[in-house]
Each structure stands twice: as C-alpha cells, then as structure tokens.
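Please read these comments with the sequence and the model open side by side. They are meant for someone new to reading structures.

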Amino acid sequence: MEVSIVHSFFLIFAGAAVIATVALYTRQPLIIAYIALGALLGPYALSLINEPKLMDEMSHIGIIFLLFLLGLDMQPSHLLNMLKKASWVALLSSIAFAGVGYSIALAFGYSQIESSIIGIAMMFSSTIVCIKLLPTTVLHHKHTGELVVGLLLLQDIIAIAVLLVLYSIAGTQESSASQILIPIIGLPSLIALAFLFVKYVLLKLIAKFDRFHEFIFLVSIGWCLSMAVAAEYLGLSAEMGAFIGGVALATSPISQYIATHLKPLRDFFLVLFFFTIGASFNLELLGLVIVPAIILAVTSMLLKPVVFRYLLKGLKEDASTSWEVGFRLGQVSEFSLLIAYLSASIGLIGIEASHVIQATAILSFALSTYVVILNYPNPIAISDKLRRD
C-alpha cells in the first residue's frame, strides 16, 4: 500500500515523540531511539513506510544545515591554523584505520576489493554524531572543539577524494579527468566567492533590513542552500559548500543570532536522517553481518582513541584532550554509508559486504554516543553535570 508523505511524516514524528519519551525515561540516547524507530517502521520490518529513498533525500538537508551552523561557530583564522596543524594527523590515522579494517574484513573471508572498501569505510568519523554531541557554546570556541572539527574536515576532504575515484570508476574514462580537475579548481573559487559575496552583498543586506527577523531567517536559509548547490556544481559535497557559507559569515556578529534560530530546522531534518539509517538496513541480512560488524565497530571504538592519543602527542597536546578527541571521533562515518551504497551499486562489492559497512556504522554510532554522553560534556547527557549546550 502506498503511503502519502503526510502519513509518513505522521508516523515518523509521532513515533519519534513516543520513542523519545521512552528513551528519556530509560536514560537512553535519542539518536539510537530514532535509528531503532526507522528499523521498526521501515520496509524490512513493519513496512509502514516504504519510501526510504525520499526520506534519505530530505534527511540530507539536515546534514547541510548542521554543517552550516558548525561553520557559523568557526573563526576562519583559527580554523586555517588548525587545518595546517592537524593535516598529517588526519592522513596517518586514516591509513592506520584503513589497514586494520582491511585486515579484519580479509580474516572474515571477504575478497581483496571488498576488504579494501571496508577498510576505506573505517577511515572516517561521523561529522553528524560528533557535532551533535559537541556543546555548541562550550567546545566550538575551545581548543578541543577546534581539534575535533579540524580533523573531521580533513577526513571529509579525504572522503570526497575517495568518492570521486568511485564515481570515476562508475563513469567513463573521459568524465573521470574532469571529475578530478573541477573540484581542485572549484574549492578555492567557492571560498573566494563566499567571502566576497558575504562582505560586499550579504552583510550589507542584513544590516539594512535587520529589523525584519523573517528576512534574516529567509536570507540565511537561502545562503546556506545556495552554497550547497554551488558546491555540488563544482564537484564538491553540498555539506562542504554549506560549511564554507557558514565560515564566511562567522566573523559577523549576526552569526550567533542565525545559529540560534536555525537549530530547530536542523533538528527536524536530523530526525529524518537517523530514521532513514534504520529504515534502509535490510534486517534479513543481520545474521550474516552481525559478527564482523560488531568486531569492526568495537575495534573502531578501541583503536581510534589510542591512535589519536599517540598522533596528537606529536602536536604537544595533553593526554586528557587527546583521549577526549579520540573518543569523540571513535565511530564510523555517514560517508562510509555513502561509500557502501555507491560501491554496491557499481558492483565493486556485494550486498553482504555493503551491509557489513552499514551495520558497523550503526553500531559505532550507538557505542560512540554512549561513551560520549556518559563521560564528556554534551547537549544530550543523562547527567546534569555533563549536560552542556
């Protein structure tokens, strides 16, 4: 039976309200509750919602807003300094995580190519989970937050390079050259355009009509989505475009006003994102993939803090900060899910290997969320002592 979009939204948000209430009473993370709801209502369980692709496209907007709001909290000079400092940490850690993931997958009998893709998927940490669990007003302006964000951005650049290679394999030989060249030219062009437009057009418009709050709200959304679309045209990710748009506005006093008023919109779409992760997972394959997925997820949570602790020591970071950064970055990324979907669609890996990556991502989201909310300051902590926003 085909379900209308209104009916789908009713099931998602009414269900999310119920399951969030249960989660809060039982002191469970809301992120895990939303994923569980998606698995329950999705096409592989009760099948009450059978359009996960539509939900996935809508939930993508939540990621774009999340990165835009993150950019609003980052001063360009601090960010540039952190990216320069942490680049070799991101590169070496990614190689280490890929090697371990490859070895584990190979031990479970997956082919060389499948093991390589699984290893690559282990390289990245989740921007969504990490930023969702960073206190907006406490850590983004502090050293720990800058380190986390800097490493995430560098990982995102590596992930985009991996996706470009996969897209070039899927496409023709002629298109692959342009797919690699366009982003190299596009990134500096987009950054320059963003800062010039903000300085000479956007801030002047906001200053002229700052009494009209609705105007500021609309202009902010328009700017965020315009940068996302421009980035996609230039061969970059929409998330990166939104982040650049946010950073370009970060030096203005209006940035914090915008950040505060866009948070409810971001959270609306992020509920869809976590719901879609659960709804897209084929529960019939769970028995085949659960053991390697558990080992990969646990290894990720144990290995990443140790590797980051060791590498950040080279940047003269203290032990406490290094461990915290490592645990906050302990999960697998939403980019890993995209790599799994794309690799399976072009025949590089089988459905089982794809679901190993998906299950690893979901389990690592859960493990990482529990570790962070129980030990470090975050907006959704169970303990009042750790709850920060």
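This is a predicted model: local features need pLDDT of at least 70, side-chain atom pairs count only at pLDDT 80 or more; totals for chains, interfaces and linings use all residues.

1. Cysteines. How many disulfides does a search of the whole structure find? The search finds zero. A disulfide needs two cysteine sulfur atoms within 2.5 Å. The cysteine sulfur closest to that of Cys130 belongs to Cys224 and is 20 Å away, so the two are too far apart for a bond. Cys130 is buried, with a relative accessible area of 3%. Cys224 is buried as well, at 0% relative accessibility.

2. The largest pocket. The space in this pocket comes to about 1,200 Å³. Its lining has 38 residues, and those nearest the centre are Asp56, His60, Leu337, Leu338 and Tyr341. Several helices each give at least two residues to the lining: H3 (52-72), H7 (143-170), H10 (238-249), H11 (254-279), H14 (334-345) and H15 (351-375). What is the make-up of the lining in nonpolar, polar and charged residues? There are 19 nonpolar residues, twelve polar ones and seven charged ones.

3. The nonpolar core. As background, nonpolar side chains in soluble globular proteins tend to be buried together. In this model the largest nonpolar core holds 124 residues. Phe68, Leu249 and Phe274 have the most contacts inside this core. Helix H7 supplies 14 residues, the largest share of the core. Leaving aside residues up to four places away in sequence, Phe274 touches Ile31, Tyr34, Ile35, Ile128 and Val129.

4. Two positive phi angles. Ser47 is not a glycine, yet its phi is positive, at about 55°. This serine sits in the loop between helix H2 (30-41) and H3. Lys316 also has a positive phi, near 65°, and is a residue other than glycine. The loop that holds Lys316 runs between helix H12 (286-313) and helix H13 (319-328). Is each of these two residues buried, partly exposed or exposed? Ser47 has a relative accessible area of 37%, which means partly exposed. Lys316 has a relative accessible area of 75% and therefore counts as exposed.

5. Ser343. Ser343 is buried, with a relative accessibility of 0%. Apart from residues up to four places away in sequence, Ser343 touches Ile117, Leu166, Leu348 and Ile349. Ser237 lies 106 residues from Ser343 in sequence, and their C-alpha atoms are 18 Å apart in space.

6. Val219. Helix H9 (residues 213-233) contains Val219. Is Val219 buried or exposed? Its relative accessibility is 16%, and buried means under 20%, so Val219 counts as buried. Along the chain, Val219 and Ile258 are 39 residues apart, while 9.8 Å separates their C-alpha atoms.

Key. Residues are numbered from 1 along each chain as its sequence is written. Side-chain values use heavy atoms; hydrogens and water are left out. Buried means under 20% relative accessible area, exposed over 50%, partly exposed in between (1.4 Å probe, protein chains only). On a 1 Å grid over the protein atoms alone, a cavity is a set of points where a 1.4 Å probe fits but cannot get out, and a pocket is an open set with protein on both sides within 12 Å along at least five of seven lines; lining residues have an atom within 4 Å of a point. Grid points are joined across faces, edges and corners, and a volume is the space filled by probe spheres set on the points. Helices (H or I, at least four residues) and strands (E, at least two) are DSSP runs, numbered from the N terminus. Ala, Val, Leu, Ile, Met, Phe, Trp, Tyr, Cys and Pro count as nonpolar, Asp, Glu, Lys and Arg as charged, and the others, Gly among them, as polar. A nonpolar core is a set of buried Ala, Val, Leu, Ile, Met, Phe, Trp, Tyr and Cys residues joined through side-chain atoms within 4.5 Å. Contact means heavy atoms within 4.5 Å.
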